[in-house]
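User: Please take a close look at the metal site in this structure. After that, describe the other local features that can be read from the coordinates.

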Amino acid sequence: MTPDTDIETRPYLLEQVDEAAVVQLYADGFTALPLNDKILIWHLYQAALAGRDIYYDQRHRMALEMRAVLEAVLRYPGGVDETALAEIRRYTKLFWINSGPYNNLTARKFVLQLDPDVFRAAVAAAALNGARLPGRAGETPAELVDRLAPMFFDPSVDPFVTSKAPQDGRDILESSANNLYSGVRMDDLEPIGDSAGFTERFGLNSRLVKRDDGSLEEQVYRLEWMYGHAIARICRHLADAMPYATPAMRRALEALVKFYRTGEEADRIAYDIAWVEDRDSPVDTINGFVEVYMDARGVKGAWEALVYYVNPIKTAGIRRLAAAAPWFEARMPWDPKWRRPDVRGVTATAIDVVVETGDSGPVTPVGINLPNDQAIREEHGSKSVSLSNVAEAYDKSTPSSFRKEFAWSEEEAGRAERWSSFASELTTNIHEVLGHGSGRVAGPATGHAETVQPHLALKELYSTLEEARADLVALYFVADPKMVELELVPTADHAEIVLAEYEAYARNALVQLRRVREGSTIEEDHMRNRQLIVHWLLANSGAIEIRRRDGKTYHVVVDVDAFRDGAARLLAEVQRIKSEGDYEAGRALIETYAVHFDPALRDEIVERVAKLNMPSYTGFVQPKLEPVRDTSGEIVDIAISYPLDLEAQMLEWSGRA
Ligand SMILES: [Zn+2]
């Protein structure tokens, strides 16, 4: 397929696997980039693929072995019964999309629905046909399958990758099956009596292991230690990229390689600063241990990589928003003492992604704001990107029947059709550009002796509250006349756009319940924050009504002004909680509004979605890059193509390493 294929007719939705949509991502601007930038992207692309397996291993200690067994069967399927092969293929596709055996959104394990004997036979057949299997020395294919069987088949073994609120009050680390810890409980870390507790030296980039003698060991993710082989490959590709980078980007890449080499906190800080200070390069990458959602404690970083280039037209609009950051900060609807007197460095860019791996692909965010280090954000600012081609692919792959089902009226459905994609791009930009970068915490500048470190004070609540804070900033300011003044929305349509956004937000709190098929609690931070906001508004404002018709439940926005006013009041409280590190108030807010839902309502939503056969999340098939060389081996171009096939891409990527 050629990259200039007609945008209206080319395929986006490729297939649906259970509740997952598989969608092709396009990077239309790539072919027009200068050769230098294409070669730069090529090396960064390889660095992104080189670390992919790190994330699988972080998700579960057996995930890579499981993947290798599954891929062996799909590569050598000779002699495997067709029904069995179809089930193995279904499970493997979900495994690839979610980078392991856990649903990306619900954190719950999914299993292979096959007789273990049939699977054992399939693996044995693959081995006979020439497949190379993983496993321990001397292990037969049958022994290998038996060892992995509890993970493949038993939903009660290691049921959650992350469990921030275990139902039986169990320890959050013990209840989380990820590989960020081994044998460690929260009370191994917390001070008891005279013991000072355990202070990590490598909080973000290590696996914490309890040894037989009870002491704790940090296994550091760095060259020549944990994940050292993958990190060595990443560093080689980053070094290959450096000659093609701008001076500012080159400094960032050098700092990143140094951090990968030492693993030291000081080098991580140096890298974060170098990365955030590179504001104008047309190409950029994120590569490392970044987001902390997978860790129930919110400390350990999940590995991810993105490679992208700037989308100049969309970026112009976002830059106007960013330039006005001081105007917005001065009008944040919270106690003036939590407003930052100097908002600097809010850099925002609309980008097109070429590849995303690890924690950011095949399931991808639509906006990113980094670095996460609060001290660096306050001193050096942050960089914010919105993923234009991802948002476009989401929009193009969503059928309109989905919006209609949850809209109370024809008018609401029409507004959603016309504006929800536009409004959601705008609010995502406000969330990233103005939301996360805003506000300040208690410290000497506000007359407090100690500087609050919100993520330490708020612990497992931090991510949910921070996402809520950024969402509320967006919901509050999207209705501000400043949006028109900045030419971000047309005057005549502003009111309708705001209503469409508020309606979409209220609907979303219902619709997202489809993603939590079991239980009656929500774990994922972004889902929690949306429940928090909508349920708080339901209880504390007259903005939204719950209505029922024909056995169906609807959230109906009845008062736009009350919605905006309510968002402002909740925002003031969430900002206070962050600024003061008020754990108890944060916990009460989340416990009351964000965590629990009525399973009967969820069942209703699931049934409505099932009738539409709608996916609940999306995994992206990404562009494929290949160097074009002349007879002397010199790279003369980088060709981009679109595989339109998840299985082909995943098998190719696994075969590279
Ligand atoms: Zn966010």
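Analyst: The description below begins with the metal site and then turns to a helix, a sheet, a lysine and a hairpin. The model is a predicted one.

The zinc ion has three protein donors, H431 through NE2, H436 through NE2 and E467 through OE, at 2.1 to 2.2 Å from the ion. Along the chain, these donor residues follow the spacing H-x4-H-x30-E. H431 belongs to helix α16, residues 410-435, while E467 belongs to helix α18, residues 462-477, so this pair ties together parts that lie 36 residues apart in sequence. H431 has a relative accessible area of 9% and is therefore buried, since the cut-off is under 20%. E467, at 5% relative accessibility, also counts as buried. Water is not among the atoms, so the site may look incomplete.

Next is helix α4. The helix covers residues 82-97, which makes 16 residues, and its first and last C-alpha atoms are 22 Å apart, close to the 22 Å expected at 1.5 Å a residue. Helix α4 is mostly covered, with 12 of its 16 residues buried. Among them are A84, L85, I88, Y91, L94, F95, W96 and I97. The buried set also includes E87, R90 and K93. At the start of α4, a side-chain oxygen of D81 comes within 3.3 Å of the backbone nitrogen of T83. Just after the helix, S99 has a positive phi of about 50°.

The sheet comes next. It is open and consists of three strands in the order β1-β2-β13, with mixed pairing. Strands β1 (13-17) and β13 (617-621) are the edges, each pairing on one side only. From one strand to the next, the twist averages 25°. Strand β2, residues 20-24, runs antiparallel to β1 and is joined to it by four bridges. Within this pairing, L13 stands opposite V23 of β2. Helix α14, residues 388-396, packs on the sheet and touches both β2 and β13. The direction of α14 makes about 120° with that of β13.

K482 is found in helix α19, which covers residues 482-485. K482 counts as buried because its relative accessibility is 10%, and the cut-off for that class is under 20%. Leaving aside residues up to four places away in sequence, K482 touches A324, W327 and F328. The side chain of K482 also makes a polar contact of 3.0 Å with the side chain of E485. A375 is 107 residues from K482 in sequence, and the C-alpha atoms of these two residues are 29 Å apart.

Strands β14 (residues 624-629) and β15 (residues 635-641) pair in the antiparallel sense over six bridges. V628 has D637 in β15 as its bridge partner. Five residues lie between the two strands of the hairpin, and G633 in the turn has a positive phi of about 90°.

Technical notes. Residues are numbered from 1 along each chain as its sequence is written. This is a predicted model: local features need pLDDT of at least 70, side-chain atom pairs count only at pLDDT 80 or more; totals for chains, interfaces and linings use all residues. Side-chain values use heavy atoms; hydrogens and water are left out. Donors are N, O and S atoms within 2.8 Å of the metal (3.2 Å for Na, K and Ca); water is not among the atoms, so sites may look incomplete. Buried means under 20% relative accessible area, exposed over 50%, partly exposed in between (1.4 Å probe, protein chains only). The expected span of a helix is 1.5 Å times one less than its number of residues. A polar contact is a pair of N or O atoms within 3.5 Å; within protein, one must be able to donate a hydrogen and the other to accept it, and residues adjacent in sequence count only if both atoms are side-chain atoms. Two strands pair if DSSP finds at least two bridges between them. Axes are lines fitted to C-alpha atoms, for helices over the stretch in contact, and angles run from 0 to 180 degrees between N-to-C directions. Contact means heavy atoms within 4.5 Å.
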